[in-house]
Amino acid sequence: MSITDQIQKVRSEFRTDLANLSSENEAVDQIRIKYLGRKGLVATLFVEMGRVDTDERPKMGKILNELKSEITLEIDGFSTADLKLTDTDASDVDFTLPGDPIPVGSIHPLTQVMEEIKSIFLKLGFSLVYGPEIDTEFYNFEALNIPKHHPARDMQDTFYISDEVLLRTHTSDTQIHFMENNTPPVRIIAPGRVYRNEDVSVRSYCLFHQIEGLYVDKTVTFAELKGTLDYFARELFGKDVKTRFRPSYFPFTEPSAEMDVSCIFCKGKGCSICKKTGWLEILGCGMVDPEVYKSVKYDPDKWTGYAFGLGIERIAMLKYGVQDIRLFYSGDIRFLRQF
Ligand SMILES: [Zn+2]
């Protein structure tokens, strides 16, 4: 039999085998060994090539190589198709199993509280304004009626970058920047990070977050301040919550007040969290001091307004029952996973 006939015979035999090939991996392996193995039919044909005339050899070699590639392609194609479509039983991979879970993070509790508070005031028509965390003494203190040597500077000691430049102690600097560049009516909230040079403890940290509000127009009254903050407290803590205002002092408001809400834990009966008083202190507020208007060139006889500010950490601690403020900044995933 000529080498051409032998090649043709192997090819047709392979075609028959392929047509009858079952989907089992074992059968595919058997056919691979039969044709492509070291002593397989293709290898035997290569041995036969030695007997072919020298001038015929390149042509025959080409035909034989084509047969080899053809068989290799068919077998490889068969095993791949087989793996994908039919032969799941024999595979080690179970495609029906669920995948490895990808850990999903959660929104930081401070961000959650901040977003909730922001959404309440945005609903009331306040606009969102951001200011610089690094600011000058003027914007952080002087413009807010806190001159040098004012005792309030002791309570708000901070980190100085130079004699004039510091890390802001409250977001009130944003109000000054905004008023300088805008004429009333002004109705803004300013959220952000603030800094204090304080001993780190369960109650205080060298940084925290505030959100402040400012409303300036022609006839803004203290009654409007109370109405707005009362609405805010009920939106945040629930419809049954009561509010009260106690006289207080801030350099940038006159008169000033602290707002308390009835204790959300004991409903005002008195418990350890509210120190048996039935009330929780939530925020500071007041009517903008005319001295502040002067520093932003507003006419104090023409404009009135109110301002308020609250600490996000304090609200978050109350809301989630967190006892140690430092947990918010620890980055401990066991703590954060709970929210
Ligand atoms: Zn209580």
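This is a predicted model: local features need pLDDT of at least 70, side-chain atom pairs count only at pLDDT 80 or more; totals for chains, interfaces and linings use all residues.

Biologist: OK, so is phenylalanine 232 buried or exposed?

Modeller: Phenylalanine 232 has a relative accessible area of 0%, so with the cut-off at under 20% it counts as buried. Phenylalanine 121 is buried too, also at 0%.

Biologist: How many aromatic pairs does a search of the whole structure find?

Modeller: The search turns up 15 aromatic pairs. In one of them, phenylalanine 121 and phenylalanine 232 are stacked, 4.8 Å centre to centre with 25 degrees between the planes.

Biologist: Which parts does that pair tie together?

Modeller: Phenylalanine 121 sits in helix α5 and phenylalanine 232 in helix α9 (residues 222-237), so the pair links parts 111 residues apart in sequence. Tyrosine 215 and tyrosine 306 make an edge-to-face pair, at 5.5 Å between centres and 75 degrees between planes. That one joins strand β5 to strand β9, 91 residues apart in sequence.

Biologist: Which residues do ring pairs link into a cluster?

Modeller: Phe121, Phe126, Tyr215, Phe232, Tyr306 and Phe308.

Biologist: Switching to the surface: which residues form the nonpolar patch?

Modeller: Leu122, Leu128 and Tyr130, with about 290 Å² of accessible area together. Leucine 122 lies in helix α5 (residues 109-123) and is partly exposed, at 39%.

Biologist: Last one: what does the side chain of threonine 243 make a polar contact with?

Modeller: The side chain of aspartate 230, at 2.5 Å. Threonine 243 itself is in strand β6 (residues 243-250).

Methods:
Residues are numbered from 1 along each chain as its sequence is written. Side-chain values use heavy atoms; hydrogens and water are left out. Helices (H or I, at least four residues) and strands (E, at least two) are DSSP runs, numbered from the N terminus. A polar contact is a pair of N or O atoms within 3.5 Å; within protein, one must be able to donate a hydrogen and the other to accept it, and residues adjacent in sequence count only if both atoms are side-chain atoms. Patches are made of residues with over 30% relative accessible area and no salt bridge: like charges are joined within 9 Å, nonpolar side chains (Val, Leu, Ile, Met, Phe, Trp, Tyr) within 5 Å. Accessible areas come from the Shrake-Rupley method with a 1.4 Å probe; for residues, only the protein chains shown count as cover. A salt bridge is a side-chain nitrogen of Lys or Arg within 4 Å of a carboxyl oxygen of Asp or Glu. Buried means under 20% relative accessible area, exposed over 50%, partly exposed in between (1.4 Å probe, protein chains only). Rings of Phe, Tyr and Trp (its six-membered ring) pair if their centres lie within 6.5 Å; planes under 30 degrees apart count as stacked, over 60 as edge-to-face and the rest as tilted.
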